[in-house]
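Student: Please give me a close look at one part of this structure. Then carry on to whatever else deserves attention.

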Amino acid sequence: MSAYDDLMAFQRETEALAQVAGRLGWDQETMMPAGAAEQRSEEMAAMESVLHARRTDPKLHDWLGLIDDLTLDPVGQANMRHIRRRYARTMKVPAKLASEIARVTSVAQGVWARARASEDFAAFAPTLEKVVKLRQEEAAALAEGSDLYDALLDDYEPGATAAGLEAMFGALRPRLVALREKILHAPHQPLPLTGEFPEAGQLTLSRELALAFGYDLNHGRIDKAVHPFSSGSGLDVRITTRTNPADPFNCFYSTIHEVGHAAYEQAIDRAYLLTPLGAGVSMGVHESQSRSYENQLGRSRAFTGFLYGRMRDTFGDFGISDAESFYASVNRVHPGYIRTEADEVQYNLHVLMRFDLERALIDGSLKVADLPTAWNSRFEADFGVKVDKPSNGCLQDVHWSVGLFGYFPTYTLGNVYAGCLTKAMRVALPDLDSALARGDTSPATDWLREKLQQHGGLHEPRDTVRRACGFEPDEGPLLDYLEAKFGAIYQF
Ligand code: ZN
């Protein structure tokens, strides 16, 4: 056995244990009896300490010293790139700081939830200050003198930099603000969906949609949870969904979104199972898949024509008289404060403001006490509306309470990548709409599987997208797509 073989055998067990830890999290959100919470947190902490011990095991240091990456094939070199990067990151953060971050963020989520429920930012501010300070310390340990925010971003999107994202987002913002203005002032406004849509019908149809988008139920399952999510890699990738009797689109499109994440994991080359290459390569690339499935495919004119028919079969007449009006209703743009409820046009504006605000928090130019004012003035500038209460403003997202700084921009990066992939896919598949109109997404999902998904972590994130679409990714295709689509719907 070579040092590389020994390392990979050790790594495989670590990856298997990480999958088990993830499944405990899935169980907590879906099946766990309410009374088991206390024991579960101890079980999960025990798994975390086993994983941490393995990730800092002195044997890793020895193996990494013995292996000459250049003697390995491209798969071996990619494995080593992931293992070396993760090991270096883990070792740079002092153990005491890592455990302090874990302790503070586990409490902070509850403090945030209570502050949000009582519309009381001041009750959350001292905790958020602690979280920001700890993440600044962690970033300083990781960055070793270079940009703090880049060091945090690297956890979710290796290779991306704040400067690169700032340039991309700077180009997105004015065109999105202008498009939003035009849409909301257009004389022609689509009607919202109204009526009652029984849960049983929603769940049956959402399962049908999951299968239509290629979700493999032999290696997955669908359950109900408060928040939709996808969990696991390889042969066991599960998703959750939720229902709201007044809003079946929430159920359908969050299911299609999570299927995008899960189908990516299920499509990765089986040879990479339980290795560092056996999972989606970054948050941004992951989101490019979920967003392509949800928006560019699922909210297309062709596919909504199919969905319109299936909804009438399932729920009877629901007051929308033709497929064209249904398409406009699915894509309706409406003013709102909440990121997770935003449409394709406004969603990225929500992300862009969070990116600017969290960078200012991390570099210290924005104090936590000044966050509500900064949030509200930026929101008014981009959305034209005053924020009415903290739960509609800077207390709406869980991310900062659990220490996720550097995560938000990956949502918009995913949308930008989805725009590029769609542009390339539409050239390669000129007849795609006739299949989508029959509810057959396979030409598109097969194309994504072959061009991108199967490769898992083989290439760097941006390179993964560049190879799939055949050009350097930028924000142009997403903006062109949004302007063309919404110009047609709103008739300007
Ligand atoms: Zn997602």
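Tutor: Start with Thr14, which sits in helix α1, residues 3–30. Helices here are DSSP runs of H or I with at least four residues, strands are runs of E with at least two, and both are numbered from the N terminus. The model is predicted, so local features need pLDDT of at least 70 and side-chain atom pairs pLDDT 80 or more, while totals for chains, interfaces and linings use all residues. Residues are numbered from 1 along each chain as its sequence is written, and side-chain values use heavy atoms, without hydrogens or water.

Thr14 is buried, at 6% relative accessible area. Buried means under 20%, exposed over 50%, and partly exposed in between, with a 1.4 Å probe and protein chains only. Its neighbours are Leu51, Arg54 and Arg55, leaving aside residues up to four places away in sequence. Contact here means heavy atoms within 4.5 Å. With Arg54, the Thr14 side chain also makes a side-chain polar contact of 2.9 Å. Such a contact pairs N or O atoms within 3.5 Å; within protein, one must be able to donate a hydrogen and the other to accept it, and residues adjacent in sequence count only if both atoms are side-chain atoms.

Now the zinc ion. Its protein donors are His257 (NE2), His261 (NE2) and Glu287 (OE), 2.1 to 2.3 Å away. Donors are N, O and S atoms within 2.8 Å of the metal (3.2 Å for Na, K and Ca); water is not among the atoms, so sites may look incomplete. Along the chain, the spacing is H-x3-H-x25-E. His261 lies in helix α10 (residues 248–267) and Glu287 in helix α11 (residues 283–297), so this pair ties together parts 26 residues apart in sequence. His261 is buried at 11% relative accessible area, and Glu287 is buried at 6%.
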